[in-house]
Amino acid sequence: MQDKNPKTDVRSSRPLIVTRGLVKKFAGKVVLRGIDADIYEGEKVAVVGPSGSGKSTFLRCLNLLEIPTSGVISFGDEIIFSSDYFVEKDKLDALKAQRKAYVTGCDDDTVRDLGALLDGEKQKTAELKKQIKALKTHEKLLKATSNRDGAGDELVQTSEKLAQTQKELAQSKLIAKQIKAQTKERKAQVKTALDPSVISSLNQKIAEQKEVAAKAKARHKKFMSAMEKSVDAHRRMTGMVFQHFNLFNNLSVMDNITLAPVKTGLKETKARRKALKAAARRGDECAKEELLLLPHKLEIIENARKQAYELLGKVGLQEKADVYPSTLSGGQKQRIAIVRALAMNPRIMLFDEPTSALDPEMVGEVLQVIKKLADDGMTMVIVTHEMGFAREVATRVLFVDEGQIKEDAPPKELFGNPKNERLKEFLSKVL
Ligand SMILES: Nc1ncnc2c1ncn2[C@@H]1O[C@H](COP(=O)(O)OP(=O)(O)OP(=O)(O)O)[C@@H](O)[C@H]1O
Ligand SMILES: [Mg+2]
């Protein structure tokens with residue numbers, strides 16, 4: 001049985017994954033706001049939180065299915081992502097915005113107050129326009145039904161209300177016009193009183209920051225091009241299981257599982273053969289011997305099939321090796337998807353809500369497989385809405401909210417004695 005106290009057990013090992021200041025933006029929208037997380041060998045980390053809080057994005061960043069915007073991720077001894085370019089660029093943009101606000105007078109208190117007044121007046125204008133539209137429609141209706149009892153009085157009242165509202169609208173438009181004129185005047189005053197030393201100090205800061213950002217950009221480009229070569233190798237070490245199983249329906253279960261290991265095995269053997277041949281040509285005797293020992297294509301396929309069969313045994317689905325996914329239940333498909341990820345011998349398994357697309361009666365069989373993997377010592381991060389499962393299996397739970405880890409504690413503590421207000425609110429809805 002695993003030790004459920006990470007501090008006395010797995011924490012004595014080294015973290016397998018470390019993230020620092022992890023930020024992810026999608027089209028300018030910040031989804032991860034600086035995630036600092038350590039995932040130790042052997043840990044089972046559950047990630048919980050409201051929908052849209054960034055749980056999947058965090059998981060996808062860990063295996064570089066999603067390339068982060070900035071921050072650092074290390075895996076084992078390797079830094080697999082590192083960039084501060086967008087942080088430095090944001091600083092540059094902020095300085096430029098500060099200069100623009102100063103030069104155009106927008107950072108002047110009076111201009112700001114006038115701006116707020118104008119916004120209020122504009123809202124009032126829009127509201128009055130809406131009221132006028134509704135009153136006009138009502139007036140039309142009353143005119144069409146004027147022979148109805150009491151319609152005459154109501155028509156008079158509505159027409160009066162309409163006239164009054166139109167007056168208010170004209171007044172509101174006039175006020176808005178006056179505020180605009182005052183703003184223009186104030187901006188002109190501010191412009192004549194601009195302090196050249198403030199502008200030159202901002203210009204100096206912008207020039208320095210431009211240099212810093214340019215250097216960060218060069219580092220970023222260099223890192224990204226190096227990463228292109230290593231990203232596949234990293235993804236192979238992190239098995240990912242999604243909500244929807246993404247099996248290939250035109251391939252048998254066995255072929256689904258062995259496709260990637262066979263492809264990788266062939267590729268690696270080919271590369272090794274090429275290197276050994278070159279060494280052998282230079283007269284390296286060891287290389288010649290190793291060349292003879294390299295596995296052949298059929299051997300690679302056979303080994304992959306053997307391993308797949310063993311793994312199928314672990315999830316109780318050996319008899320399904322030769323069928324096609326369309327003949328399987330959702331629970332069986334997900335168990336196959338888990339085997340497919342395991343077939344790459346990953347160092348960590350990442351599960352993204354592996355049971356949320358399943359019919360309730362199939363949830364248990366998939367959770368059972370994951371629990372067994374956990375008991376066997378597999379390091380895993382699991383995004384889940386199954387709080388009972390998280391409580392039972394996880395060694396640590398992360399509560400993610402609005403792109404940040406708001407609480408990080410063993411399950412007993414996080415569920416039993418939550419500290420963060422948002423977590424308390426979340427748990428009151430899901431427990
Ligand atoms: N590829 C993308 N392009 C643009 N926006 C995205 C993309 N992927 C995610 N987002 C946005 O990022 C935010 C976080 O999404 P994410 O899928 O990480 O949330 P989640 O916590 O996993 O939610 P759920 O519990 O519903 O699965 C959402 O607002 C989402 O719309
Ligand atoms: Mg998600």
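Two strands are said to pair if DSSP finds at least two bridges between them. In this predicted model, strand 1 (residues 15-26) and strand 4 (residues 70-75) run antiparallel and are joined by five bridges. Within that pairing, T19 has I73 of strand 4 as its bridge partner.

These two strands belong to an open sheet of four strands, which follow one another in the order 2-1-4-5 with antiparallel pairing. Because strand 2 and strand 5 (78-83) stand at the edges and each has a single partner strand, one side of each is left without a neighbour in the sheet. If direction is ignored, neighbouring strands of the sheet are turned against each other by 10° on average. Helix 5 (residues 196-237) packs on this sheet, where it touches strand 4 and strand 5, and its direction makes about 140° with that of strand 5.

The second topic is ligand 1. Of the 13 residues around ligand 1, those that come nearest are K29, S51, G52, K55 and T57.

| Residue | Atom of the residue | Distance to an oxygen atom of ligand 1 |
|---|---|---|
| S51 | polar side-chain atom | 2.5 Å |
| G52 | backbone N or O atom | 2.7 Å |
| E353 | side-chain N or O atom | 3.4 Å |

Taken alone, ligand 1 exposes 640 Å², and the protein buries 60% of that. Strand 2 (29-40) and helix 1 (55-62) are the elements that give two or more residues to the shell around ligand 1, and helix 1 gives the most, with three residues.

Definitions and conventions:
Residues numbered from 1 in each chain as written. Chains lettered and ligands numbered in written order. Predicted model: local features only at pLDDT ≥ 70, side-chain atom pairs only at ≥ 80, totals over all residues. Heavy atoms only, no water. Near = heavy atom within 4 Å. Polar contact = N/O pair within 3.5 Å; in protein donor to acceptor, adjacent residues only side chain to side chain. Areas by Shrake-Rupley, 256 points an atom, 1.4 Å probe, with all protein chains shown as cover. Axes fitted to C-alpha atoms, helices over the stretch in contact; angles between N-to-C directions. Contact = heavy atoms within 4.5 Å.
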